[in-house]
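Please read the points below alongside the structure.

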Amino acid sequence: MTKNPPLLTQQEIYEQFKIKYSQYSPDFELLIKAGQVEKLNRLVREKNAVILKHNYMSWDLQCDEVLGIRGDSLELSRKAGETEADIILFLGVKFMAETAKVLNPKKTVLIPSLKAGCSLSSSIAGTDVRKLKQMFPGIPVVAYVNTDADTKSEVDVCCASGNASKVVQWAMKEWKTNKVIFLPDKFLAQNVAREMGADIFFPNVSADATTTTKEFALRTKHIAPKTPIFIGWEGKCEVHEKFTPEDVDGLRHDFPGVYIMAHPECPPEVVKKVDFAGSTGEMIKNVTSPDVQDRQVAFFTECAMVEILAAQHKNVLQVCSIQKRCPHMAQNNLETVIEALEKMQYKITVPEDLRKKAELPIRRMIAVK
Ligand code: 13P
Ligand code: SF4
């Protein structure tokens, strides 16, 4: 058995914080945070837990001094399925913790706050998917991983922002069709459709099935036979929907030569104007790519990620006027995270019938590379 390295003391963590993060907190606060991190790491060891940290965590959770694994939704789903720890403490939002529970049901999965929802996952439910499947029979259903287990249990395959177009292509090939139902993110669907040269149709969900299928037939009648066709849903990320093309123009005006990256949950008018669009993990990786070199870099995404990147790379701009914080991700902080392990709260449960049905679409997502 490999022996765990000794844990950092409060003083050692504080020294690191002073070097790396003194721009974010005054000295006395860095010392307090260092004490909290020491306590958290001790709890992680004692309880044989693993912390999975989404890239949108604040710097004091994302930092290397907090034991755990950082990543985007796709990477963390993979890690959740593989871990041998007894407890998975998910620093993210509820749909992510649920995905972990579906993949690794014997583990205790904890989330620091039950208020950590997501405007995308709450925009749709399993009943909506059943309705769409009745309207468009035989068309594969791809659901963004930002959905709850009830929705996932009704779909054919899930995708993350890091593999969305590959999953769509996989589904079209498997089902031998040029059509796909892509839920629930309107902008991600439009961005992936644009990348694939596809047409996209948003059904009127309050209309009856006959009217909707007639509208769809009319709309797609003149489309060239092999053109991919997406059927979308009107869900939006409450953070990324706020970015505008004018923000891109303003940034380029103020920082000539700036390299801009955006998350594909942003409106297509924004994504079209930037230099790179990708998942949080892809954007982070791209900061050090040859395309960027010494250029200044700006992000159109959740601001906590930008904050820590700015501390790590001097060419990353911390442009505050266009930064947005996700209120759900912000439910995670050192206090709620420590309390989660101390009190073993809040335990994620997924009814076994739903879990079994949701597992296949998630496993298919993980398998598509
Ligand atoms: P990724 O980390 O997969 O890019 O997801 C972003 C997001 O909004 C998660 O809620
Ligand atoms: Fe949901 Fe957007 Fe928050 Fe991600 S950033 S959890 S997509 S609301």
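1. P184 sits in the loop between β7 (179–183) and α9 (186–195), where helices (H or I, at least four residues) and strands (E, at least two) are DSSP runs numbered from the N terminus. The peptide bond that joins L183 to P184 is cis, with an omega of about -20°.

2. This is a predicted model, in which local features need pLDDT of at least 70, side-chain atom pairs count only at pLDDT 80 or more, and totals for chains, interfaces and linings use all residues. Residues are numbered from 1 along each chain as its sequence is written, while chains are lettered from A and ligands numbered from 1 in the order in which they are written.

3. A cis peptide bond also runs from Q345 to Y346, with omega near -10°, and Y346 belongs to the loop between α15 (334–343) and α16 (352–367).

4. M344 is placed in the loop between α15 and α16, and although M344 is not a glycine, its phi is positive, at about 50°. M344 has 14 other C-beta atoms within 10 Å and is therefore partly exposed, the class between buried (20 or more other C-beta atoms within 10 Å of the residue's own) and exposed (12 or fewer), with C-beta atoms placed from the backbone.

5. N48, in the loop between α2 (27–46) and β1 (49–54), is not a glycine but has a positive phi of about 50°. Is N48 buried or exposed? N48 counts as exposed because it has 10 C-beta neighbours inside 10 Å.
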